[in-house]
Amino acid sequence: MLSRLLSNDLPRSRLLALLLAALVLALAFAPFLFPGVKALSVAAKILVFIVLVASFDLLLGYTGIVSFAHTMFFGIGAYGIAISASRLGANWGAVAVGLGAALAISLVLSLAIGLFSLRVRAIFFAMITLAVASAFQTLASQLSDFTGGEDGLTFKLPELISPSFEFAEEPFLGVSLDGRLLCYYLLFVATVLLVLALLRIVNSPFGRVLQAIRENEFRAEAIGYRVVVYRTTASVLSALFATLAGAMLAIWLRYNGPDTSLSFEIMVDVLLIVVIGGMGTIYGAVVGAVLFVIAQSYLQDLLRIGSEAASGIGWLAALLSPDRWLLWLGVLFVLSVYYFPTGIVGRLRARAMK
């Protein structure tokens with residue numbers, strides 16, 4: 001049953017299986033295990049990034065396509081919800097219209113990029129997608145009447161998933177049973193379903209062809225596969241999943257702006273997570289997203305504690321200053337690449353095969 005649910009793509013490592021089970025259970029019970037507004041926000045961000053990174057890995061890890069326009073589709077999903085909810089009101093119809101419009105726009109744009117650009121090789125395609133993404137971010141910033149410009153859009157959603165809505169007067173295990181909790185579990189269920197769908201895609205005959213194209217494009221084309229069609233389809237599917245991730249982010253934050261969903265920093269984060277978790281493994285998106293988002297969210301707090309503890313040693317306290325958290329994040333990334341060159345998932349699977 002479990003093998004069928006995971007599309008016969010088992011972890012293939014006992015340690016990896018235990019790690020994934022622990023992460024899934026931690027995310028499932030995060031509101032009760034880690035109470036607090038910040039902890040719940042971090043858990044929700046992890047869920048969003050799992051879907052976003054897994055969708056990007058469909059391009060990079062399984063198809064061998066380097067695209068810098070992925071955050072554009074992420075932003076389209078977020079803006080679809082934001083614009084629709086701010087103009088049509090706080091109802092489920094507005095959410096459905098915004099999500100449907102965002103998916104349609106992403107479908108058209110990704111198809112256009114695929115048809116016109118995927119015939120271009122390697123770095124040239126990456127540069128084209130970078131130019132398109134930059135142009136879209138500029139457009140979103142300039143159309144202030146439509147997108148809110150640099151200030152972004154703040155909007156309301158249906159009362160059922162609003163923090164003010166309480167469906168029980170008494171807390172359960174110290175946690176208020178309100179719309180915020182329900183919104184988190186809406187994101188959790190969506191993440192599980194989308195990850196399972198991606199596992200089904202990459203383990204289908206279609207996914208096997210994508211891997212064949214990644215390994216040797218000329219050979220795949222020589223045996224009869226239309227490489228451009230498969231790569232375009234992969235690009236479209238990846239864009240649609242990224243759009244859904246953007247919609248999840250907007251639903252959780254109830255706000256969206258250029259820096260929130262279209263920033264190039266998000267693209268860099270996605271690339272780092274793919275490398276940390278392991279390319280060509282959907283499970284790598286789960287492991288990498290958890291580790292990276294937690295480090296990004298709590299590294300400053302840990303450094304602050306370390307700096308205070310080392311206050312008697314001037315140079316060490318300065319080195320552990322919270323302002324230098326990006327330096328330490330970079331050090332952690334370099335160490336992870338050095339000791340896990342195939343990513344954490346790849347290393348654990350290779351270890352299990354010995």
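**Exercise 1. Is Glu217 buried, partly exposed or exposed, and what is its relative accessible area?** Then find its salt-bridge partner and sort that residue too.

*Solution.* Keep in mind that you're looking at a predicted model.

- Step 1: Glu217 has a relative accessible area of 23%. Buried means under 20% and exposed means over 50%, so Glu217 is partly exposed.
- Step 2: Now the partner. Glu217 makes a salt bridge with Arg231, and their closest N and O atoms are 3.6 Å apart.
- Step 3: Where do the two sit? The pair ties together distant parts of the chain, with Glu217 in helix α11 (residues 217–222) and Arg231 in helix α12 (residues 227–253), 14 residues apart.
- Step 4: Arg231 has a relative accessibility of 9%, so this residue counts as buried.

**Exercise 2. Which residue forms a salt bridge with Glu215?** Sort both ends by accessibility.

*Solution.* 

- Step 1: Look at Arg214: this is the partner of Glu215, with 2.8 Å between the closest N and O atoms.
- Step 2: Glu215 comes out at 57% relative accessible area, so Glu215 is exposed.
- Step 3: Arg214 reaches 32%, so Arg214 is partly exposed.

**Exercise 3. Where in the structure do Asp301 and Arg304 lie?** Work out how they're linked, and who else joins in.

*Solution.* 

- Step 1: Both belong to helix α15 (residues 282–309), and they're 3 residues apart, about one turn of the helix.
- Step 2: Asp301 has a relative accessible area of 29%, so Asp301 is partly exposed. Arg304, at 37%, is partly exposed as well.
- Step 3: Salt bridges with shared partners bring Lys38 into one network with Asp301 and Arg304.

**Exercise 4. At what angle do the axes of helix α2 and helix α18 cross?** Name the arrangement and describe the contact.

*Solution.* 

- Step 1: The axes of α2 (residues 14–28) and α18 (residues 343–353) cross at roughly 140° and come within 8 Å.
- Step 2: On the α2 side you'll find Leu15, Leu16 and Leu19, which meet Val345, Leu348, Arg349 and Arg351 of α18.
- Step 3: Sort the residues of this contact by type and you get 5 nonpolar, 2 charged and no polar.

Methods: Residues numbered from 1 in each chain as written. Predicted model: local features only at pLDDT ≥ 70, side-chain atom pairs only at ≥ 80, totals over all residues. Heavy atoms only, no water. Axes fitted to C-alpha atoms, helices over the stretch in contact; angles between N-to-C directions. Helix = DSSP H or I, 4+ residues; strand = E, 2+ residues; numbered from the N terminus. Contact = heavy atoms within 4.5 Å. Nonpolar A, V, L, I, M, F, W, Y, C, P; charged D, E, K, R; others polar. Salt bridge = Lys/Arg side-chain N within 4 Å of Asp/Glu carboxyl O. Buried < 20%, exposed > 50% of the residue type's maximum accessible area, 1.4 Å probe, protein only.
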